[in-house]
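Thanks for coming. I will go through one structure this morning, starting with a sheet and ending with some loops. Please have the sequence and the model open.

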Amino acid sequence: MQSILAAVLLALTASPVAAAQEPTVPPLPVTKRIPVKVIVIANFEPGEDTGDIPGEFQLWAEREKLDDVIALPGGVHPLRRNARGLYGMVWGGTGTLFGDAGQQLIGLLMDPRFDFSKTYWLFTGISGVDPQLASVGSAAWARWVVQGDTLREFDDREVPKSWPYGLFAIGATAPNALPDNGNSFGGSDDTAGLGMAIELNQGLARWAFERTRSITIPDTPAPPESARRLEGLSQCAEASVRADG
């Protein structure tokens with residue numbers, strides 16, 4: 001018995017051991033991408049896309065009949081579309097504002113099923129306005145986007161008396177001033193890299209405005225209660241379509 005075991009051990013040690021190899025990585029399947037002509041991106045939706053209290057996306061989903069729901073790999077919110085080819089999506093997760101925006105948009109753009117190379121993007125959101133300039137329900141075509149999240153802030157109780165508030169741009173030394181020190185953030189050596197204003201397609205914005213400026217937006221004859229509470233405000237501007245920024 002001992003001689004048999006010795007022979008087996010000798011055979012095992014004498015046999016060449018094949019080197020471990022990783023399996024071949026198969027190529028990604030080639031699919032014909034679906035060209036997306038227009039997509040509406042809303043900032044947030046606190047609940048469901050349809051059927052409950054609306055946020056910024058629900059009325060789009062219901063009125064435009066975005067009934068086809070498409071799950072996105074890596075996304076936190078589904079993509080929706082209608083039979084006419086209008087797509088729509090919330091760029092944050094349910095119950096959030098902007099926390100998942102990057103993850104959601106990356107998941108959408110990396111999806112191999114869709115072609116966004118010639119897509120028109122409409123980012124829609126609710127915002128405030130000076131009631132002397134426009135009323136609730138007005139619509140404005142933006143020509144610029146201001147990235148106001150990355151900045152510096154001092155406690156308002158500790159700022160100089162001449163400052164209106166404690167917020168100021170990175171690279172600047174006070175509020176309402178442009179950056180003049182490119183080296184103040186992340187090793188940047190150019191103040192142009194600290195810019196917070198992004199110019200959009202001016203021609204497209206003007207084209208959209210010219211085709212919508214004469215639309216009459218329904219308005220109530222009397223100012224809303226919230227407007228009457230504003231001190232010194234005697235009259236609200238009528239709801240209108242504007243091209244601001």
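In which sense do E2 and E5 pair, and over how many bridges? They pair in the parallel sense, over five bridges. Two strands count as paired if DSSP finds at least two bridges between them. Helices (H or I, at least four residues) and strands (E, at least two) are DSSP runs, numbered from the N terminus.

Before going on, a word on where this comes from. This is a predicted model, in which local features need pLDDT of at least 70 and side-chain atom pairs count only at pLDDT 80 or more, while totals for chains, interfaces and linings use all residues. Residues are numbered from 1 along each chain as its sequence is written, and side-chain values use heavy atoms, with hydrogens and water left out.

Now the overall picture. The protein has five helices and 13 strands. Of its 245 residues, 27% count as buried. Buried means under 20% relative accessible area, exposed means over 50%, and partly exposed is in between, with a 1.4 Å probe and protein chains only. The protein exposes about 17,500 Å², and carbon and sulfur atoms supply 58% of that. Those areas come from the Shrake-Rupley method with a 1.4 Å probe; for residues, only the protein chains shown count as cover. Take the contacts with a separation of 6 or more: residues 24 or more positions apart account for 55% of them. Contact here means heavy atoms within 4.5 Å.

Back to the sheet. Five strands form it, in the order E3-E4-E5-E2-E7; the sheet is open and the pairing is mixed. Which strands stand at the edges? They are E3, residues 68–70, and E7, residues 120–124. Each has a single partner strand, so one side of each is left without a neighbour in the sheet. Neighbouring strands are turned by 25° against each other on average, direction ignored. The axes behind that angle are lines fitted to C-alpha atoms, for helices over the stretch in contact, and angles run from 0 to 180 degrees between N-to-C directions.

Look at E2, residues 38–42, which runs parallel to E7 and is joined to it by five bridges. Ile41 has Phe123 of E7 as its bridge partner, and Ala42 stands opposite Thr124 in E7. Towards E5, the bridge partner of Val38 is Leu86. Four of the five residues of E2 are buried, so this strand is largely enclosed by the rest of the structure.

As background, side chains in a regular strand alternate between the two faces of the sheet.

Next, the cores. A nonpolar core is a set of buried Ala, Val, Leu, Ile, Met, Phe, Trp, Tyr and Cys residues joined through side-chain atoms within 4.5 Å. The largest one has 13 residues, and those touching the most other members are Val36, Ile39, Leu79, Tyr87, Met89, Leu108 and Phe114. E2, E5 (86–90) and helix H3 (101–109) each supply at least two residues of this core. A second, separate core has seven residues, including Val40, Ala42, Leu86 and Val90.

Let me stay with Tyr87, which lies in strand E5. Is Tyr87 buried or exposed? It counts as buried, at 3% relative accessibility. Leaving out residues up to four places away in sequence, Tyr87 touches Ile34, Val36 and Val38, among others. Tyr87 and Val38 are 49 residues apart in sequence, and 6.3 Å apart in space, C-alpha to C-alpha.

Tyr87 also belongs to an aromatic cluster, together with Trp91, Phe114, Phe116, Trp121 and Phe123. Rings of Phe, Tyr and Trp (its six-membered ring) pair if their centres lie within 6.5 Å; planes under 30 degrees apart count as stacked, over 60 as edge-to-face and the rest as tilted. The structure holds eight aromatic pairs. One of them, Phe154 with Trp163, is stacked, at 6.0 Å centre to centre and 5° between the planes. Phe154 is partly exposed, at 43% relative accessible area, whereas Trp163 is buried, at 16%.

Last, the loops. Most residues other than glycine have a negative phi. Lys65, which is not a glycine, has a positive phi of about 55°. Lys65 sits in the loop between helix H2 (58–63) and E3, and counts as exposed at 55% relative accessibility. Asn176 also has a positive phi, near 60°. Asn176 is in the loop between strand E11 (167–168) and strand E12 (197–199), and is exposed, with a relative accessible area of 68%.
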